[in-house]
Amino acid sequence: MNAVTLDDIPLLWRAESLGSQQSHCVSSGYEALDRALGGGWPVPSLIELLSDDQGIGELRLLLGLLRQRHASEASCRRVVLWLAPPFELHAIALTQYGLIPNDHWICSVSQPADLQWAMTQALRSGACLAVIGWARHLKPAALRTVKLAAMTGRGVGVLFRPMSEARAASPATLRIALRSNAPSLDLSILKMRGRRPCTVRIDPCDADQAGQ
Amino acid sequence: MAAVAQLTLFEVPARALRPAPVPPSLPPEPSPTTTPARKRSQAWLALHFADLALAAAFQSASPERRALLEKSAWAVIDEDRLKHVAACNELAWKYGVRPGHRMNAAIALCGSLVLIPRDPSTEARLLERIATECLKYTSAVSMQPPNEVLLEVRGSLRLFGGPAALLDRIEADLAALDAGLRVALAPTARSAQWLARTPTGPRMCLPRELANVLSSVPIASLHWPLPVELQLTRFGITTIGDLMRLSRKDLARRIGAGPVRELQQAMGRTSWLHRGWSTPPSYHDRVLLDFEIETTTLLERMLERPLARLKRTLIGAARSIDELTLTLKHREGATTLAIRLQQATADTSHLASLLHEHLDRLVLRAPVREVEIDAPRLLVAQSRNHSLAMDPATRSDAPNASELKARLLDQLQSRFGVDAVRALSLRADHVPERAQCSAAPSDSTPVLSPPARLPRRPLWLLREPRPATHEYRQGAFQIESSPETIEAEGWNGPSVRRAYYCARTRDGAECWIYRDLSSRHQWFVHGLFG
């Protein structure tokens with residue numbers, strides 16, 4: 001017997017949700033960031049991370065989001081889909097951070113239209129915990145489609161885009177620009193639904209201690 | 001296709017019509033009435049297709065030929081020595097052509113008669129298709145070649161709103177076939193079959209009226225062998241009622257045991273054993289297009305109806321498929337599209353979305369004239385209880401998660417190819433690039449756990465180690481850790497001796513670099529701490 005509460009139905013919204021934020025948060029594992037985001041990563045959502053460099057702690061930033069299933073869905077594991085990642089994922093590192101490599105699907109797509117299609121389908125299907133993609137040029141309409149898909153499937157879409165896109169308008173729930181300030185990472189929150197833009201400094205090495 | 005795992009249907013005798021008065025002088029026999037009383041009464045529905053040969057010939061004709069046949073007088077000719085007419089259409093009937101005429105006589109009556117040779121295999125296939133369609137009314141379906149189907153519908157009467165509504169519905173569903181359908185409902189299979197064969201008889205018969213109704217059925221409509229029929233006519237017997245007045249033993253001596261047994265079966269005194277029809281182990285459908293199709297969008301629209309037909313078959317028979325082959329036939333050659341599913345499904349909307357991806361990528365090399373849909377295996381479907389709430393809510397149900405994953409994988413693979421999606425798994429090896437492999441996602445991959453006390457590893461691994469000796473000499477890397485030496489002898493691949501360090505570049509990125517100890521102290525970047 002499955003009891004379905006009204007909150008589980010993604011197409012249904014309450015009038016009171018217009019006033020305040022009802023959406024669920026997942027702790028990012030970084031105290032300063034959680035404070036700035038009002039509890040953690042918003043779920044479901046479309047998150048845009050703007051960065052020109054790799055290897056500055058951009059994946060460790062997302063670990064809290066990828067680990068969330070252990071608490072909520074022990075029986076059925078949803079997958080994480082990586083679309084067009086710039087390098088290979090390192091399976092041993094994933095296990096070191098408490099993730100299961102087999103739940104990480106990698107799909108290499110070349111065209112932006114394909115990426116947008118795959119991201120939309122994966123988010124809408126409800127089979128994915130998160131879909132993480134690397135894209136350069138995406139039109140606002142495409143972003144809007146992806147965001148709607150994330151809302152329908154109750155997943156999180158993460159898009160890595162170059163810093164030059166910071167000035168372009170975007171319908172994403174959350175936009176963060178990442179800048180390395182070795183050894184820490186500067187996050188300037190450009191847009192967050194229901195909150196003010198601000199700047200946070202975190203140390204990615206905090207995740208290393210937490211995971212091991 | 002007929003050699004299927006079949007269920008055998010037993011017909012139980014109907015209720016005793018009139019308990020025979022037992023003469024008091026005789027010792028009481030073991031009464032047979034107790035056994036049938038416990039058994040449930042049955043309701044048999046017979047479908048008789050008088051013009052099955054015509055329908056089969058018409059359906060297998062090409063579209064141009066169909067247009068011709070609709071306008072002209074035509075007949076189906078038996079392939080025997082004298083070439084008798086097996087069936088003819090209405091126009092030919094008007095000219096005086098009748099089934100049973102010799103070919104020459106028929107041509108003499110109608111000079112423009114179009115003759116089509118009879119094809120028993122097409123008729124058998126059509127009858128099989130009808131039997132499969134009938135599985136949606138009941139699961140007890142029995143094929144009676146050449147042109148009849150029997151259904152036991154006692155349990156379905158209430159569902160379909162009573163006997164009359166069910167008969168109407170079956171007639172309406174099969175009207176498009178135009179095969180001279182007559183249906184009849186009776187308490188026994190044989191009586192239903194006889195009533196369906198009688199053009200003037202009633203189409204429904206209640207158990208208590210069985211004897212009355214049968215007694216008015218003419219012998220001529222029973223399709224008994226011709227010598228038997230002639231012999232009975234010589235006796236002056238024209239209806240079943242006349243036949244029932246005769247002694248059974250004498251009758252059997254004169255006309256043989258077969259017809260007498262049939263009579264007993266019709267009255268429900270002996271049982272008749274049927275072979276049940278169940279769904280064939282594979283599915284085949286062929287669509288002849290009325291015109292040549294040049295665009296895949298149009299083709300997709302055309303496929304909607306065959307897919308709906310497939311869905312009806314699957315749901316009616318409680319089957320699901322895990323593979324579907326679509327053959328697009330051109331004037332010369334054919335294009336084949338194969339869809340393999342991760343999990344068997346009966347949901348054709350999922351199949352349609354996969355087909356859309358396949359057709360989207362396809363460039364038609366010639367116009368399509370004919371489409372064939374094949375499913376090599378029909379598997380027994382796992383039925384699942386759906387929750388009452390609206391569809392998107394069921395997505396949070398735990399048992400659905402693996403199905404959702406399978407569907408997503410199907411979608412991605414049908415757009416990007418089978419090898420496009422990979423899942424990571426660990427392998428027992430010391431060399432970082434050999435310690436993991438990626439293969440198509442599956443649930444059966446064994447889970448290895450890496451050694452517990454490994455130093456920190458980067459989340460990003462470069463596909464090929466990037467030479468960085470020059471950059472290193474210029475001081476681009478600032479080493480931040482003590483070395484970790486990894487050595488492996490050449491069991492699977494070249495032997496490796498490396499010293500790994502964590503290093504930071506000038507622009508703040510954290511790298512995983514190594515010094516190759518075996519070849520002249522070269523430096524490489526192998527990963528990034530993402």
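Reader: In strand 15 of chain B, which residue is the bridge partner of A:I106?

Author: Happy to start there: A:I106 has B:R422 as its bridge partner in strand 15 of chain B. Strands here are DSSP runs of E, at least two residues, and helices are runs of H or I, at least four residues, numbered from the N terminus. This is a predicted model, where local features need pLDDT of at least 70, side-chain atom pairs count only at pLDDT 80 or more, and totals for chains, interfaces and linings use all residues. Residues are numbered from 1 along each chain as its sequence is written, chains are lettered from A and ligands numbered from 1 in the order in which they are written, and side-chain values use heavy atoms, with hydrogens and water left out.

Reader: In what sense do strand 6 of chain A and strand 15 of chain B pair?

Author: Two strands pair if DSSP finds at least two bridges between them. Here strand 6 (residues 104-107) of chain A and strand 15 of chain B are antiparallel, over 3 bridges.

Reader: How is the size of an interface often given?

Author: Often as the accessible area lost when the parts come together. That buried area uses a 1.4 Å probe and is summed over both parts. Between chain B and chain A, about 5,000 Å² is buried, with 63% from carbon and sulfur atoms. In chain B, B:L424, B:L459 and B:W460 lose the most area to chain A, together 17% of what that side buries.

Reader: How many salt bridges are there between chain B and chain A?

Author: A salt bridge needs a side-chain nitrogen of Lys or Arg within 4 Å of a carboxyl oxygen of Asp or Glu. The count is 3. A:D114 forms one with B:R415, their closest N and O atoms being 2.6 Å apart.

Terms used
Buried area is the accessible area (1.4 Å probe) that two parts lose on being put together, summed over both.
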